[in-house]
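Dear colleague,

My findings follow after it.

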Amino acid sequence: MTQNAPWLKFYGDTPHTLTYPDYTLYEMVKETANKYPEDYVYEFMGKKTKYRELLSKIDVVAKAFTAMGITKGDRVTIALPNTPQAIDAMYALNKIGAIPNMIHPLSAPAEIAFYLNFSKSKAIIVLNKFYGKLESIRSELKYSPKVIVAKIPNELSPIMKLGYAVTQGRRDPKIPDDNAHIMWNDFISGGKNAVLPKNVGMTADECAIILYSGGTTGTTKGIALSSRNFNALGLQTAAASGYDIHGMKMLSVMPVFHGFGLGVGIHTAIIGGCMCILIPQFSVNTYADVLKKKKPNFIPGVPTLFEALLRCENLEGVDLSFLRGVFSGGDSLSTELKAKIDKFLKDHNAPVQVREGYGTTECVTASCLTPINYYREGSIGVPFPDTYYTIVRPGTIEEMCANEEGEICLRGPSMMLGYIDNPEETAQTLRMHSDGYKWLHTGDLGKMDEDGFVYFKQRIKRMIVSSGYNVYPSQLENIIDGHEKVLLSCVIGVKDAYKIQRVKAFVVPKPGVEPTDELKAEIMAYCRENIAKYAMPSDIEFRTELPKTLVGKVAYRVLEEEEAAKNQ
């Protein structure tokens, strides 16, 4: 690559280029495990697992999948929070050449049906407390995936199992005793005599994982990501962190179905010899305890995770000198919030400031990061090693000059293979430029200064980012408009001190329908049945009509401006 890269002079000790081995995800993990067999790879609710134990667990799960009939190229949906089963299953599937389809366990039933049908999954792993969602959608499934039901206690020590049983376990729903599913322990037992395939023949450049994104158009698309994509991301992140991460601890609180959580919080740590502290469910109330007891060296998260630090009780006087990296991504970090977080870190003896990054699921996650000892206000940092950024005039491949605003484009070893079964959208997003390279068009507006520092402005297409999750207004509007008493709806993002943005819906009832509190409650209940919890409207405002543009489209920007004026 010969492109000009002025940002390299701000790299410090970070290498300008890296070597990316032709390994699958599993092979990369195996190499690290062979180096550090007695090191701990992850800790889950007090129980630690060593690298050599991880390899053994991967083999056990791989045999179970093989016994179930899962082979190379098959897709298996993983709908789990950050638990050992999620990690073990992901790498086990990769070992036998199958493809994990990662989805949010809190997805609404209709969304789960979409993901299963879209991916043609042969099986799905789900937590017992969410099993009821699968029961409710069986008639909507085009295929008949085998259902594996996991439980948190499967991975707990005997003492913790007892404690869980008398606390959280009492609220877990009972699973029917039928043949519609298989429990995790029975699934594992079923593979004891299975023989693993000797030569799967999977390469580093085949599809290894499916994640989901709205891309630049706001419609859900499956993203095909290779082992090389994830391995490159892990090596780049570790290199850009400024530390040898071996022997350190990562607070793995970002979810495993999210590119940031899986790519940085899990895979980067594991292949770098850094222990993951797996957090299945984040709570502000437990934040202080985790920091004080576990002392993680690295915390990757969305801005709301760090904002929670400022509201966290029981941290007064706590020494955070163990921190080596605090990385913010998934959403814009305002200069005001960064200043508050940095002050908090300094007041608690942390030797670091929060470092903002940027990326998209189409390149796994981060591809740009603030240098370790150089912050430029308003910037999201400089490109990772072997990654290049350019700014083009929106809708074209015409490159802009320094400090001119346009669409952010990037290329590098973590760039996706493409959108699954969607060649048109792939062609719109991965475009050949005049330099002969294929570039990823992010759909985001921004600029790059003469030193290569990148500045994010806003998304070109409509999208709401709430607590780090992408929410697509058009999808929610389609759902709300489906209610029998709704004529028209418009969904916007409203500024929120904690979530950055929260979802608000404007609804015009059908003629003759009164806009009452009872109607609001009815529509909210309808939304809860069809919309994931993280994308739920926080409020519904009734209108007799919605503002329109000159061509008759709903003028959502007018509503955004009205709400912004209220919050000033």
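The notes below concern a sheet and then one phenylalanine.

Please bear in mind throughout that this is a predicted model.

The sheet is open and consists of three strands, arranged in the order β25-β26-β27 with mixed pairing. From one strand to the next, the twist averages 25°.

Within this sheet, β25 pairs with β26 (residues 500–509) in the antiparallel sense, and 10 bridges join the two. In this pairing, cysteine 490 is found opposite phenylalanine 506 of β26. A helix also accompanies the sheet: α16 (residues 556–566) lies across β25, β26 and β27, and its direction makes an angle of about 45° with β25.

Is phenylalanine 344 buried or exposed? Its relative accessible area is 12%, and buried means under 20%, so phenylalanine 344 counts as buried. When neighbours within four places in sequence are left aside, phenylalanine 344 is in contact with Leu309, Leu310, Leu315 and Leu320. For one of these, leucine 310, the C-alpha atom is separated from that of phenylalanine 344 by 7.1 Å, while the two residues are 34 residues apart along the chain.

With kind regards

Key:
Residues numbered from 1 in each chain as written. Predicted model: local features only at pLDDT ≥ 70, side-chain atom pairs only at ≥ 80, totals over all residues. Heavy atoms only, no water. Pairing = 2+ DSSP bridges. Helix = DSSP H or I, 4+ residues; strand = E, 2+ residues; numbered from the N terminus. Axes fitted to C-alpha atoms, helices over the stretch in contact; angles between N-to-C directions. Contact = heavy atoms within 4.5 Å. Buried < 20%, exposed > 50% of the residue type's maximum accessible area, 1.4 Å probe, protein only.
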